[in-house]
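Please keep the sequence and the structure in view while reading.

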Amino acid sequence: MPRQIEGEPFHRISVDEAAELHGSDEVAFVDVRRMDEYVEGHVEGAIFITVDDILSRIEELPEDKKLLFICAAGVRSGLACEMAAAMGVESNRLYNIEEGTPTWIEKGHPTSIGTDL
């Protein structure tokens, strides 16, 4: 169950909870890792925007979906959530997938390899 910690402008969500939402028209996955990490394996269909580029590319994020940010361990994706909130994205649309992409892949959730940008 997604949870929100007081003071954080986003919800925390597990890999398994996020996987249940994969394929829904109501969500967009956003991978904020480096390119070398992304090409090794990422959530199928994820938008690729490194955490360093979130502020300058905020307009590329869908305005009508929940945004599920993912990195390797939940740190950079949490930062990306904070940045998106600072740019005016409503907190009820921001989710940080805490366990990260390695866990996503280990659990056999839909994954792509290489660049499908």
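In strand 6 (residues 94-97), Leu94 and Asn96 point one way while Tyr95 and Ile97 point the other way, and all are buried. Here, buried means under 20% relative accessible area, exposed means over 50%, and partly exposed lies in between, with a 1.4 Å probe and protein chains only. Strands (E, at least two residues) and helices (H or I, at least four) are DSSP runs numbered from the N terminus.

The model is predicted: local features need pLDDT of at least 70, side-chain atom pairs count only at pLDDT 80 or more, and totals for chains, interfaces and linings use all residues. Residues are numbered from 1 along each chain as its sequence is written, and side-chain values use heavy atoms, with hydrogens and water left out.

**Neighbours of strand 6**

- Strand 1 (residues 11-13) runs parallel to strand 6 and is joined to it by three bridges; two strands pair if DSSP finds at least two bridges between them.
- Ile13 has Ile97 as its bridge partner in strand 6.
- Strand 5 (residues 66-70) also runs parallel to strand 6, and three bridges join the two.
- Opposite Leu94 of strand 6 stands Leu67.
- From strand 5 the chain passes through helix 3 (residues 75-86) to strand 6, in a right-handed β-α-β crossover. Right-handed means that, with the strands pointing away from the viewer, the path from the first strand over the helix to the second runs clockwise.

**Salt bridges across the chain**

- The whole structure holds 10 salt bridges, each defined as a side-chain nitrogen of Lys or Arg within 4 Å of a carboxyl oxygen of Asp or Glu.

**Salt bridges of Glu37**

- The side chain of Glu37 meets that of Arg34 in a salt bridge of 3.7 Å, N to O.
- The side chain of Glu37 also meets that of Arg76 in a salt bridge, at 2.8 Å from N to O. Because Arg76 lies in helix 3 and Glu37 in helix 2 (residues 35-40), this pair ties together parts 39 residues apart in sequence.
- Glu37 is buried, with a relative accessible area of 14%, whereas Arg34 is partly exposed at 45% and Arg76 is partly exposed at 22%.

**A salt-bridge network**

- Arg3, Glu8, Arg12 and Glu98 are linked in a network of salt bridges.
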